[in-house]
Structures are given as structure tokens and as C-alpha cells.
Amino acid sequence: MAGTEDLRTRVRSLIPAKPGAQREFARAIGIDETKLSKSLKGTRRFSPHELVRIAEYAGVTVNWLLNGSDDAATVTAVPAPAARSASAPDGESQPGRRRHILETAWKLIATHGYHHVRIADIAKACGTSTAAIHYYFPTREEVLNEALRRNVKLAFDRQVAELHAIDNAHERLVRLVELQLPTDGLLRDEWSVWLQVWNESALNPAMRSLYWDSYNRWFDTIAMTIRIGQEQGLFREGDAREVATQLSALIDGLGIQVLTGKPGRTVDSMREHLRDFIDRNIVHGGQQEP
């Protein structure tokens with residue numbers, strides 16, 4: 001949770017100074033206007049989910065909301081510039097048409113697959129013309145690139161919002177893994193987009209730079225959390241990046257098995273395998289519960 005005056009000031013700056021704007025903002029982020037008012041006054045704290053929704057709707061990052069900068073040092077690795085969503089064309093606001101088009105395209109790709117989604121399909125789902133889609137995304141490949149960047153932003157925002165108040169590195173690592181499980185809904189859609197990016201990157205070398213810029217943020221976050229746990233005396237000594245390689249590979253492999261419907265492989269079994277790996281191979285002394 002977060003509730004500093006700086007945070008409240010930044011959220012206020014995102015709400016236009018016009019009648020009904022606060023009501024519309026509350027509706028857009030999915031909370032009651034009364035709750036938003038209390039949070040802005042400091043009598044209620046914004047939840048992690050609300051921080052993510054604010055960041056998504058306003059086109060900012062949770063890191064900016066909490067720390068005043070997209071690049072501020074925080075509990076996770078910061079995305080490389082190449083992995084961040086591109087700005088809207090001049091004269092357009094991020095919370096406007098481009099955001100709506102990207103969200104729609106992202107959902108279509110996650111649900112139907114990149115090669116089954118045409119620009120015309122995105123235009124139809126958005127209730128606009130193909131020319132309007134091409135204005136923001138000149139090619140279908142650019143749509144996939146931006147879908148990947150959106151995945152990075154969603155994960156970054158979610159992790160910062162959920163983890164910034166967790167000091168214990170063991171608890172933080174367990175929560176970090178939990179936030180990456182392909183549960184139904186948003187997280188499964190994120191995994192679906194990742195699978196398609198992996199496939200396209202394997203076939204198209206031009207996509208690999210963006211892919212690795214994106215994936216490295218996730219990997220660096222795991223390694224950073226392990227190093228902090230070692231410094232706290234909670235995790236075994238050793239090469240944090242080597243351990244992160246093992247854990248990230250296990251997450252990827254189990255996630256693919258869940259998404260492709262391997263018999264007996266569920267989100268629950270994936271969680272059990274990952275916690276067992278952490279307890280046996282990372283936690284100092286083994287078999288410690290966070």
C-alpha cells in the first residue's frame with residue numbers, strides 16, 4: 001500500500017481540473033468516487049491494484065507515482081528504454097485513442113493469436129477505421145512490438161505496487177513468483193503474448209533485441225531479489241545470476257506446460273514446484289516458510 005502526500009499530489013495532477021473529472025477518473029480505474037476522495041485526502045490508502053489501474057489509465061508508471069521518476073531505484077529492475085511503450089504522436093494524449101487501440105489489439109492477440117489478428121479486426125473491435133489504426137501502428141509487427149512493451153509495463157507496475165512495502169527478500173521472492181503465475185485473466189493473457197513473442201523472436205532475428213530488452217528486466221529483478229536475500233542472511237551464498245537463471249528457466253518451462261495444457265500441470269502444481277525449488281535451492285538452511 002502507499003499513502004504519502006507526494007503520491008496523492010501526483011495522482012491529483014493526473015485528474016483534469018473540470019467538473020465531473022474526478023468521478024470519471026474513479027470510474028475509469030474501477031473504484032467508487034468516495035474511496036478515491038478519501039485516498040486523495042489521506043484518510044485511505046491506494047491499494048496496489050488501484051495504483052496499477054491509475055498508471056495504466058493515465059499512461060504513467062507506478063514507479064513514477066510512488067517515487068517521482070520512471071527510472072527511480074525501486075524493488076524491481078527498471079525496463080530499458082527500448083522496452084518501454086512508445087509515446088503517442090504529437091497532439092494526442094496517452095490516455096486517449098492510442099491506449100484504447102493498444103489495449104484492444106493486445107487482448108485480440110492474447111485471445112486469438114498474432115497471426116489470426118488483422119489490422120481490420122483491430123479497427124472493427126475499436127469501432128474505427130484501418131487508417132486510424134495505421135496512424136498509431138504502421139505495421140502489424142509494430143502492434144506486436146507494442147503488445148510486448150505493454151506486457152513489460154503491466155508486469156513492472158504490478159511488481160512495484162505489490163512489492164515496494166515488502167522488506168523481507170524471501171517474502172518478496174515468493175510474492176514475485178506468485179505475480180508471474182498464469183492465472184486466468186490478465187496474467188494468462190500476458191503469458192499468451194509472451195509465447196507468441198518467443199515464437200516470432202525465434203523466427204525473426206529483428207525482434208530479438210526488443211525481446212531481450214524486455215526479458216532482461218524480469219531476469220534482473222529475480223537476481224536483484226536473490227542478492228538482497230543473501231545480504232539479509234536469508235538466502236544461501238552463491239552467484240545470484242546463476243540461481244536466477246535456474247529459477248527463471250523453471251518458471252518459463254512450467255508456464256508453457258500450463259498454457260499448453262500438459263496433463264496434470266496446473267497453476268497450483270506450478271506454484272508448488274516453484275516454492276519447493278526456492279525452499280530447497282535458495283533459502284538459507286532449506287525448507288523455510290516466508
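The cover over the buried residues of helix α4 includes α1, α2, α5 (62–67), α6 (97–112) and α9 (140–163). The model is predicted, and local features need pLDDT of at least 70, side-chain atom pairs count only at pLDDT 80 or more, and totals for chains, interfaces and linings use all residues. Residues are numbered from 1 along each chain as its sequence is written, and side-chain values use heavy atoms, with hydrogens and water left out.

Helix α4 spans residues 48–58 and is mostly covered, with nine of its eleven residues buried. Buried denotes under 20% relative accessible area, exposed over 50%, and partly exposed in between (1.4 Å probe, protein chains only). Helices are DSSP runs (H or I, at least four residues), as are strands (E, at least two), and the numbering starts at the N terminus. The buried set in α4 is Pro48, Glu50, Leu51, Val52, Ile54, Ala55, Glu56, Tyr57 and Ala58. Just past the helix, Gly59 adopts a positive phi of about 75°.

Glu50 belongs to α4. Its relative accessible area is 5%, and Glu50 is therefore buried. Apart from residues up to four places away in sequence, Glu50 touches Ile31, Arg44 and Arg45. Contact here means heavy atoms within 4.5 Å. With Arg44 there is also a polar contact, side chain to side chain, at 2.6 Å. A polar contact is a pair of N or O atoms within 3.5 Å; within protein, one must be able to donate a hydrogen and the other to accept it, and residues adjacent in sequence count only if both atoms are side-chain atoms. Val62 lies twelve residues from Glu50 along the chain, with a C-alpha separation of 10.0 Å.

Helix α3 covers residues 33–41, and its buried residues are Leu36, Ser37, Ser39 and Leu40. These residues lie on the same side of α3 because they cover an arc of only 165° around the axis. The arc is taken from the directions that run from the helix axis to the C-beta atoms. The buried residues of α3 pack against α1 (5–13) and α2 (21–29). Just after the helix, Gly42 has a positive phi of about 95°.

Two helix pairs are described next. Two packed helices are described by the angle between their axes and the distance between the axes. Axes are lines fitted to C-alpha atoms, for helices over the stretch in contact, and angles run from 0 to 180 degrees between N-to-C directions. Helix α9 and helix α10 (residues 169–178) pack at about 145°, with the axes 11 Å apart. Their crossing is right-handed. The contact involves Gln159, Glu162 and Leu163 of α9 and Arg172, Arg175 and Leu176 of α10. A crossing is left-handed if the near helix is turned anticlockwise from the far one by less than a right angle, and right-handed if clockwise.

Helix α11 (residues 186–203) and helix α12 (residues 208–231) form the second pair; their axes come within 9 Å and cross at roughly 140°. The two helices are therefore oblique to each other. Angles under 35 degrees count as roughly parallel, over 145 as roughly antiparallel, 65 to 115 as roughly perpendicular, and the rest as oblique. This crossing is left-handed. On the α11 side the contact is made by Trp194, Val197, Trp198, Ser201 and Ala202, and on the α12 side by Arg208, Tyr211, Ser214 and Tyr215.

Two further residues of α11 were examined. Glu190 is located in α11 and is buried, at a relative accessible area of 3%. Neighbours within four places in sequence aside, Glu190 contacts Trp106, Asn151, Leu154, Ala155 and Arg158. Trp191 is also placed in α11. Its relative accessibility of 5% makes Trp191 buried. A polar atom of the Trp191 side chain lies 2.7 Å from the backbone oxygen of Gln180.

Thr139 sits in the loop between α8 (130–136) and α9. Thr139 is partly exposed, at 42% relative accessible area. A polar atom of its side chain lies 3.1 Å from the backbone nitrogen of Glu142. Thr139 and Ile119 are 20 residues apart along the chain, and their C-alpha atoms are separated by 8.4 Å.
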